[in-house]
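Here's a quick briefing to go with the structure shown below. Have a look at the fold before reading on.

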Amino acid sequence: MTHTDPYRLTPAAGREETPDRSNVGAVRALLWVVLVVSVLGNTVASSAGSGIGVHLAAGGVTALCATVLVVLRMRSSR
């Protein structure tokens, strides 16, 4: 009889020890593209004299992409 303990520190038999990270590369590439597009959009908005809403939106997207990229990098280095 197999007993699954949710508080067990070691992996149960038959389970993978590392999570599947096959899509991390595609996510990273997509995040880099979005990051570059948002930085370019903010630059174009600055030169065109757009309103503050455009700058805030582009800056928010840039900050979010940069944060997720840093988190992914930190997780992959473990």
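What percentage of the 78 residues of the protein count as buried? The figure is 12% of the 78 residues. Bear in mind that this is a predicted model. As for secondary structure, the protein comes to 2 helices and 0 strands.

**Helix packing**
- The two helices are α1, covering residues 24-48, and α2, covering residues 52-76.
- Their axes come within 9 Å and cross at roughly 155°.
- Angles over 145 degrees count as roughly antiparallel, and α1 and α2 are therefore roughly antiparallel to each other.
- As for handedness, α1 and α2 make a left-handed crossing.

**Gly41 and Ala58**
- Gly41 is found in helix α1.
- Along the chain, Gly41 and Ala58 are 17 residues apart, while 6.7 Å separates their C-alpha atoms.
- Gly41 counts as partly exposed because its relative accessibility is 33%, and that class runs between the under 20% of buried and the over 50% of exposed.

**Surface**
- The protein's accessible surface comes to about 6,500 Å².
- Carbon and sulfur atoms account for 64% of that surface.
- Why does Leu30 count as exposed? Its relative accessibility is 55%, and exposed means over 50%.

Notes:
Residues numbered from 1 in each chain as written. Predicted model: local features only at pLDDT ≥ 70, side-chain atom pairs only at ≥ 80, totals over all residues. Heavy atoms only, no water. Helix = DSSP H or I, 4+ residues; strand = E, 2+ residues; numbered from the N terminus. Buried < 20%, exposed > 50% of the residue type's maximum accessible area, 1.4 Å probe, protein only. Axes fitted to C-alpha atoms, helices over the stretch in contact; angles between N-to-C directions. Parallel < 35°, antiparallel > 145°, perpendicular 65-115°, else oblique. Left-handed = near helix turned anticlockwise from the far one by under 90°. Areas by Shrake-Rupley, 256 points an atom, 1.4 Å probe, with all protein chains shown as cover.
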